[in-house]
Amino acid sequence: MAAFFAASALEKRLKLKPDKSLLEDAATHSYSSLEREEEIKMFDVGRLCVKLAGRDAGQRCVVVDKIDDRHVLIDGMTRRRKCNVLHLEALDETLKIKKGAIHTDVKKAFKTIGIELVDTKPKKAKERPKKVRKGADKKKKESDKPKANPEIKEKPKVVKKKKSVPKKKAVAKKPVKKAAPKKKK
Amino acid sequence: MVSGRHKSRSLRRVFKKTPGGRNVVHYTPRKPKVAKCADCGDALKGVPRARPVKMQNMPKTHKRPERPYGGVLCSKCTRKKIKAQAR
């Protein structure tokens with residue numbers, strides 16, 4: 001450890017730059033445009049590759065089309081999608097495929113090598129139960145009131161019978177006699 | 001007085017405030033260390049630091065990345081291995 005620190009201190013004094021080729025990895029290497037052109041020349045239509053990254057890593061695929069100076073359309077044991085050239089490892093073998101071939105044509109081409117492709121159906125996300133907040137009941141509108149429970153039977157309406165009241169006969173009113181005025185003496 | 005079983009440094013001391021306003025010490029177990037790559041020793045991503053009880057109740061996809069050697073090797077080491085197998 002002491003030697004490591006001494007070396008870096010020496011380098012600082014002499015203003016030496018560290019050798020990049022020793023430190024750089026393929027993952028940290030920054031590609032220039034010229035390097036990218038050379039890199040993508042390997043990946044012609046029909047070139048067999050192995051995928052290095054993602055959940056399809058370790059599976060073989062075929063270059064179907066060139067999209068960009070960095071990206072390429074692949075198909076085969078992997079999903080049919082675009083892929084960065086840095087995430088592929090080219091092999092010596094090639095397949096006879098047209099540019100932009102369909103999945104069925106790619107399947108036939110793989111059979112010539114001896115690899116059978118298995119088609120998997122895309123998974124549909126299951127419907128999850130919706131979370132209901134505690135205060136959501138209070139904010140319900142009148143129209144959203146719960147409907148009557150069909151199990152509970154409606155009670156029959158009791159109609160009270162009114163007692164029959166005899167109608168009053170029309171009686172003529174008697175004339176009211178007025179008292180005679182008192183005579184003054 | 002602190003009871004003897006709480007003196008162990010493998011327990012974490014957490015100060016909590018009660019509804020009554022008192023400050024009280026809770027002795028909680030520590031989390032396990034970060035998982036490391038089997039080849040290079042770098043810290044692995046996508047592997048949670050949780051006690052065994054919580055790990056058992058987690059779904060399988062929450063405990064490791066969906067990749068060959070996920071949870072065992074880091075992404076750089078898997079690429080090196082796949083390249084070596086292909087060549």
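Helices here are DSSP runs of H or I with at least four residues, strands are DSSP runs of E with at least two, and both are numbered from the N terminus. With that in hand, chain B reads β-β-α-α along its sequence, which comes to two helices and two strands. Before going on, note that this is a predicted model, in which local features need pLDDT of at least 70, side-chain atom pairs count only at pLDDT 80 or more, and totals for chains, interfaces and linings use all residues. Residues are numbered from 1 along each chain as its sequence is written, while chains are lettered from A and ligands numbered from 1 in the order in which they are written.

Now for chain A. From the N terminus on, its elements run α-α-α-β-β-β-β-β-α, that is, four helices and five strands. Chain A has a mean pLDDT of 78, with 70% of its residues at 70 or more. Where pLDDT is low, the predicted coordinates should not be read in detail.

Let's look at the strands next. Two strands count as paired if DSSP finds at least two bridges between them. β2(A) and β3(A) pair in the antiparallel sense over five bridges, and one pair of partners is A:V62 with A:D75 in β3(A). A hairpin of four residues takes the chain from β2(A) to β3(A). Then β3(A) runs antiparallel to strand β4 of chain A (residues 81-84), joined by four bridges, with A:L73 partnered by A:K82 in β4(A). Here too a hairpin makes the link, and it passes from β3(A) to β4(A) through four residues.

Which elements pack against helix α4 of chain A? To follow this, take a residue as buried if 20 or more other C-beta atoms lie within 10 Å of its own, exposed if 12 or fewer, and partly exposed in between, with C-beta atoms placed from the backbone. Two residues are in contact if their C-beta atoms, placed from the backbone, lie within 7 Å. The buried residues of α4(A) pack against β2 (60-66) and β3 (71-76) of chain A. In α4(A), which spans residues 103-113, those buried residues are A:V106, A:A109 and A:F110. Seen down the helix axis they fall within an arc of 100°, so they line one face of α4(A); the arc is that of the directions from the helix axis to the C-beta atoms. The face turned away from this buried side carries the exposed residues A:T104, A:K111 and A:T112. After α4(A) comes A:G114, with a positive phi near 115°.

Leaving aside neighbours within four places in sequence, A:V106 touches A:V62, A:V64, A:D75, A:G76, A:I97 and A:A101. A:V106 is also among the residues with the most contacts inside the largest nonpolar core, which has 19 residues. A nonpolar core is a set of buried Ala, Val, Leu, Ile, Met, Phe, Trp, Tyr and Cys residues joined through C-beta atoms within 7 Å. β1 (47-51), β2, β3 and α4 of chain A each supply at least two residues of this core, and the largest share, four residues, comes from β2(A). Over the whole chain, 14% of the 185 residues of chain A count as buried.

Back to chain B, where 8% of the 87 residues count as buried. Is B:R12 buried or exposed? B:R12 is exposed, because its C-beta has 11 others within 10 Å. It sits in strand β1 of chain B (residues 11-17), and beyond its neighbours within four places in sequence it is in contact with B:T28 and B:R30. B:Y69 lies in the loop between α1 (52-57) and α2 (75-86) of chain B. B:Y69 counts as partly exposed, with 19 C-beta neighbours inside 10 Å, and its phi is positive, near 60°.

Finally, the two chains meet: the contact takes ten residues from chain B and ten residues from chain A. The chain B side has three nonpolar, two polar and five charged residues. In this sorting, Ala, Val, Leu, Ile, Met, Phe, Trp, Tyr, Cys and Pro count as nonpolar, Asp, Glu, Lys and Arg as charged, and the others, Gly among them, as polar.

Definitions and conventions. pLDDT is the predictor's confidence in each residue, from 0 to 100.
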